[in-house]
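Please keep the sequence and the three-dimensional view at hand while reading.

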Amino acid sequence: MNIAILGAGIVGVATAYELAADGHQVTVFERHASVAEGASFANAGVLAPGYVTPLAAPGMPAKVLRYLLARHAPVRVARPLAGADLHWMTRWLRACRSDAYATNRALLQRLAFYSRQRLHEVAERMDYTFERSTGYMVLLRGERERQMAQPGLAVLREAGVVFHEIDGAQARAIEPALNPATPLAGAIHLPQDEVGNCRQFAVILRDAAETLGARFCFGAAVLPLDAAAPSTLRATGASQAERFDAVVVCAGVQSPALLAPLGIRLPLRAVYGYSVSAPMPDGGLGPRSGVMDERFKVAISRLGQRVRVAGSAEIGGRPDAINHRAVQTLYKVLDDWYPGAARLSRGVQVWKGARPMLPDGPPVLGASGVPGVWLNLGHGSSGWALACGSARVLADQIAGREPAIDTSGYNVGRYR
Ligand SMILES: Cc1cc2nc3c(=O)[nH]c(=O)nc-3n(C[C@H](O)[C@H](O)[C@H](O)COP(=O)(O)OP(=O)(O)OC[C@H]3O[C@@H](n4cnc5c(N)ncnc54)[C@H](O)[C@@H]3O)c2cc1C
């Protein structure tokens with residue numbers, strides 16, 4: 001088939017690779033000049049399937065209210081708030097019920113475990129390596145964090161995830177550069193989880209997709225799909241419309257606007273986050289792999305010779321407005337755990353990214369209901385951890401093959 005993919009974030013590139021590997025003729029349209037310039041640009045890089053959970057969770061509404069007054073809040077509400085943000089928040093509140101949470105968490109983790117397997121298979125086939133490291137640790141500063149981690153551990157046990165509940169001294173042995181002056185009651189160590197450079201992987205995967213015959217068109221912003229001819233695309237810079245057999249929408253936070261003329265209304269909103277990346281002149285002073293500060297919900301990862309600190313979940317506000325308090329929290333947490341690891345005088349990159357977030361958590365994956373239009377979007381906080389599995393599932397669905405995992409629950413029908 002002749003298939004168009006809209007968006008070259010990690011999800012679009014992975015989809016291009018899988019469809020090209022299946023022998024389809026693939027064209028990717030991306031409005032930016034390269035791959036992974038949107039939400040996939042500078043994320044934390046964490047690949048921890050057991051920790052892929054929905055933002056909508058029991059107890060979260062009360063926490064969000066408490067955070068409204070906190071200086072270093074992991075979740076923030078910013079102004080202006082659009083009507084669509086309020087609508088999203090209403091649906092999010094409903095998804096915080098414990099039964100909905102259990103269902104959505106199971107859906108996310110099923111896809112995340114499959115995705116890790118698929119990432120490994122794909123990475124093994126490629127000629128290039130990318131920045132990656134093994135092991136992930138959740139740092140529990142005090143007894144309160146240790147208690148609060150317990151329900152999550154029960155879930156990990158149930159899912160058969162390999163993890164170790166360890167004390168502060170054991171955690172410091174695994175990550176020797178952790179600041180001895182910062183109190184650490186214990187940690188959850190996940191030896192099989194990992195950190196990887198999402199953008200770098202997307203660049204390599206683009207190359208692999210091109211080798212398989214995929215075509216990438218950059219600087220090509222596709223106009224919203226036309227209900228009369230949904231698989232005929234018009235893009236900026238192109239002299240005429242192009243007709244395809246199928247179209248896959250992987251356009252992150254812009255996806256709802258592309259789909260609106262088809263009557264497909266998705267409650268997908270941007271939930272913003274920030275990262276700071278800095279050179280690490282002495283690698284011995286930084287993380288060996290990835291850690292997550294459970295109190296501040298901030299991840300610190302090693303990406304080659306750089307350290308990246310990432311966090312914050314902010315609904316509302318303007319895409320280009322930097323919340324300096326959120327960025328200060330990142331610097332604080334980095335300094336708490338790895339003082340002196342980052343060179344902050346030059347070469348520092350501060351980034352704001354828009355997670356394409358659906359209110360309940362799992363992405364939308366599969367046929368849209370409009371002939372020829374397929375969806376692979378809404379991967380929220382875990383698009384890197386979910387991309388390779390989602391792409392393979394979608395390619396199987398397009399081929400009419402049974403995907404390796406049960407895909408009921410990811411379809412767009414849940415929003416009708
Ligand atoms: C601070 C932060 C930390 C994160 N940490 C992690 C992590 O540790 N692990 C993890 O798994 N995930 C993490 N995430 C989430 C992850 O980065 C996202 O889920 C993922 O990048 C989404 O990928 P995507 O391809 O769907 O979207 P994007 O990367 O945004 O790609 C969508 C692309 O579509 C293009 N596009 C949109 N409209 C059009 C159009 N009309 N025409 C052409 N192109 C178009 C855009 O330009 C963009 O390039 C984090 C996110 C943030 C913000």
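The text that follows treats a sheet, the helices against it, the nonpolar core and the ligand.

This is a predicted model, in which local features need pLDDT of at least 70 and side-chain atom pairs count only at pLDDT 80 or more, while totals for chains, interfaces and linings use all residues. Residues are numbered from 1 along each chain as its sequence is written.

Six strands form an open sheet of mixed pairing, in the order 8-2-1-11-18-17; strands here are DSSP runs (E, at least two residues) and helices are runs of H or I of at least four residues, numbered from the N terminus. Two strands pair if DSSP finds at least two bridges between them. Strand 8 (215–218) and strand 17 (364–367) are the edges, each pairing on one side only. Within the sheet, strand 1 (residues 2–6) runs parallel to strand 2 and is joined to it by five bridges, with Asn2 opposite Gln25.

| Helix | Strands touched | Direction angle |
|---|---|---|
| Helix 1 | strand 1, strand 2, strand 11, strand 18 | about 170° with strand 2 |
| Helix 10 | strand 11, strand 17, strand 18 | about 15° with strand 17 |

Four of the five residues of strand 1 are buried, so this strand is largely enclosed by the rest of the structure; buried means that 20 or more other C-beta atoms lie within 10 Å of a residue's own. The largest nonpolar core has 124 residues, and Leu6, Val13, Ala16 and Val249 have the most contacts inside it; such a core joins buried Ala, Val, Leu, Ile, Met, Phe, Trp, Tyr and Cys residues through C-beta atoms within 7 Å. Among the residues that Val249 touches, not counting those up to four places away in sequence, are Leu6, Val373 and Leu375.

Around the ligand there are 43 residues, of which Gly7, Gly9, Gly38, Gly273 and Gly383 come nearest; a residue is near if its C-beta atom, placed from the backbone, lies within 6 Å. Elements giving two or more residues to this shell include helix 1 (10–21) and helix 10 (383–399).

Methods: Contact = placed C-beta atoms within 7 Å. Axes fitted to C-alpha atoms, helices over the stretch in contact; angles between N-to-C directions. Buried ≥ 20, exposed ≤ 12 C-beta atoms within 10 Å, placed from the backbone.
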